[in-house]
Amino acid sequence: MVSTIYVEHAKTRVLKGKVFFCKPKKADVIYKELALSWMEGVKNTFFVDHFSINWFVLEFTDEDEIKYVFQGRLWYVRGQILHLEMWIKDFRELNPITFL
């Protein structure tokens, strides 16, 4: 699902993500894989869209669901690690990854 990011909640409801060690994936593939993985903790609609060739934006409607996603567990898309971080307003694709 595709969405437009609203600046007023970007700091608390928007993540950036990158799938490592594979060809770029389509946003709908990322969405479907995560929807299956997150069925237990993410009950509301969330949105996935490309931010650049390698990065995705994930937008949530409920802040508590981001807490579920960040419970310290790794997430995978088609067997590849999905790295997630909170959105920062001055993000550049070349910024270093803060954790993995």
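**A predicted protein model, question by question**

Modeller: Hello! Of the 100 residues of the protein, 38% count as buried, where buried means under 20% relative accessible area, exposed over 50% and partly exposed in between, with a 1.4 Å probe and protein chains only. This is a predicted model, in which local features need pLDDT of at least 70 and side-chain atom pairs count only at pLDDT 80 or more, while totals for chains, interfaces and linings use all residues. Residues are numbered from 1 along each chain as its sequence is written, and side-chain values use heavy atoms, with hydrogens and water left out.

Colleague: Thanks! In what order do the elements run from the N terminus on?

Modeller: The protein has three helices and five strands. These are DSSP runs numbered from the N terminus, with helices (H or I) of at least four residues and strands (E) of at least two. From the N terminus on, the order is α-β-α-β-β-α-β-β.

Colleague: What share of the contacts with a separation of 6 or more comes from residues 24 or more positions apart?

Modeller: A contact here means heavy atoms within 4.5 Å. Among contacts in the protein with a separation of 6 or more, the share from residues 24 or more positions apart is 68%.

Colleague: Is S1 mostly covered or mostly open, and how many of its residues are buried?

Modeller: In a regular strand the side chains alternate between the two faces of the sheet. In S1 both faces are covered, with Val14, Lys16 and Lys18 buried on one side and Leu15, Gly17 and Val19 buried on the other. S1 is thus mostly covered, and its buried residues number six of six.

Colleague: Which residue of S5 stands opposite Leu15?

Modeller: Two strands pair if DSSP finds at least two bridges between them. S1 runs antiparallel to S3, joined by five bridges, with Gly17 opposite Phe56. S1 also runs antiparallel to S5 through five bridges. There, the residue opposite Leu15 is Met86.

Colleague: Why does His83 count as buried, and at what relative accessibility?

Modeller: His83 lies in strand S5, and its side chain makes a polar contact of 2.7 Å with that of Glu85. A polar contact is a pair of N or O atoms within 3.5 Å; within protein, one must be able to donate a hydrogen and the other to accept it, and residues adjacent in sequence count only if both atoms are side-chain atoms. His83 counts as buried because its relative accessibility is 3%.

Colleague: What is the angle between the planes of Trp38 and Phe46?

Modeller: Rings of Phe, Tyr and Trp (its six-membered ring) pair if their centres lie within 6.5 Å, with planes under 30 degrees apart counted as stacked, over 60 as edge-to-face and the rest as tilted. Of the six aromatic pairs in the whole structure, Tyr31 and Phe46 form a tilted one at 4.7 Å centre to centre and 40°. Trp38 and Phe46, both buried, form another tilted pair, at 5.2 Å and 55°.
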